[in-house]
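The structure is shown below.

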Amino acid sequence: MDSIGAACHELKKQYDDCFNLWFSEHFLRGRTNDSMCASLFKTYQDCVKKAMKEQNLDLDEVKKDLLGTSQEKKPPQKS
Amino acid sequence: MKFFENSTVFNYSWEQVAQGFWRRYPNPHSKHVLSEDTISREVKSGKLITKRILSKTNNIPKWAKKFINTTYVYIIEESIVDPKNKSLVTYTRNLGFTKVMSVTEKVVYKQSEENPSKTVVSRYAWIDSQVKGFSRAICAFGYERFKKNANVMIGGFNYVLQNMYPHQNVIHSVTSTTANKIKDAAKNASELAKSKAAPIYASLHPNQS
């Protein structure tokens, strides 16, 4: 899958490959230390953040966290 | 506002589904999804908390361009993976144009209580619109479309899982327990308005084919 920024495709691929390995071999086996892909993530993030600015996205709206907060929508009460 | 709910069983363990989740795109049912990026990620109290941004093509008719004048639509997806409780929760919303139509979707993937080698997927969606004179029609259309395509969305994920784990069976069953809570009595929405709403809805939801 491509990145939002054409310049970030390769960085994204490298990070995703590292993450998928970490997720399968470490995280799902109870090892939560996530330093394994940290440097790849940092480089990739620098690229993506720049690309997002160029796309003129509403970054405040992007930053909003809703899942697990009081703002999360709830299914209607079953009657 | 319209609310949609259904549940599905995947013939794959929760661990398999959780790994497949990150490799869901591309798949043959998601050709309109153009990009996918992780924009924040951390481990907190043993849980993996991630935010991603997805973009998709915005193929809308001329008339709709007065509401949405852009080439792409962006989607924000938050997720929490809890490996101890074998639960993955995702929460997805469209970025911008929420007054035209907002589609918020929550999906919970949990290990089946009856059979640990299966995963129960519960999907909830809230469809809303604030377009004067069209909101009922847009919501009604969005609801019908979501209901119709629920299986298609699952199909894309299942395709990815089949490729990752080729020796397992395909999808087990789909049960539709649509809890239809309609705040707007949208029954009488005109067919014309529905047909106009279709492209807007299609352009705002990433998982539709």
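Helices are DSSP runs of H or I with at least four residues, and they are numbered from the N terminus. Just after α2(A), A:N56 takes a positive phi of about 55 degrees. The model discussed here is a predicted one.

The 17 residues of α2(A), at 1.5 Å a residue, should span 24 Å, and this agrees with its end C-alpha atoms, which are 24 Å apart. Within α2(A), the residues A:F41, A:Y44, A:C47 and A:V48 are buried, and because they cover an arc of only 135 degrees around the axis, they lie on the same side of α2(A). The other side of α2(A) holds exposed residues, namely A:A38, A:S39, A:K42, A:D46, A:K50 and A:K53. The cover over the buried residues includes α1 of chain A together with β2 (33-44) of chain B.

The axes of α1(A) and α2(A) come within 9 Å and cross at roughly 145 degrees, and the crossing is left-handed. The residues that make this contact are set out by helix.

| Helix | Residues in the contact |
|---|---|
| α1(A) | A:L11, A:K12, A:Q14, A:Y15, A:C18 |
| α2(A) | A:L40, A:F41, A:T43, A:Y44, A:C47 |

By type, the residues of this contact divide into 7 nonpolar, 2 polar and 1 charged.

Between the chains, the contact takes 27 residues from chain A and 33 residues from chain B. On the side of chain A that touches chain B, α1 (9-25) and α3 (59-63) are the elements that give two or more residues, with the largest share, 4 residues, coming from α1(A). The residues of that side divide into 12 nonpolar, 6 polar and 9 charged.

Conventions:
Residues are numbered from 1 along each chain as its sequence is written. Chains are lettered from A and ligands numbered from 1 in the order in which they are written. This is a predicted model: local features need pLDDT of at least 70, side-chain atom pairs count only at pLDDT 80 or more; totals for chains, interfaces and linings use all residues. Two residues are in contact if their C-beta atoms, placed from the backbone, lie within 7 Å. Ala, Val, Leu, Ile, Met, Phe, Trp, Tyr, Cys and Pro count as nonpolar, Asp, Glu, Lys and Arg as charged, and the others, Gly among them, as polar. Axes are lines fitted to C-alpha atoms, for helices over the stretch in contact, and angles run from 0 to 180 degrees between N-to-C directions. A crossing is left-handed if the near helix is turned anticlockwise from the far one by less than a right angle, and right-handed if clockwise. The expected span of a helix is 1.5 Å times one less than its number of residues. A residue is buried if 20 or more other C-beta atoms lie within 10 Å of its own, exposed if 12 or fewer, and partly exposed in between; C-beta atoms are placed from the backbone. The arc is that of the directions from the helix axis to the C-beta atoms.
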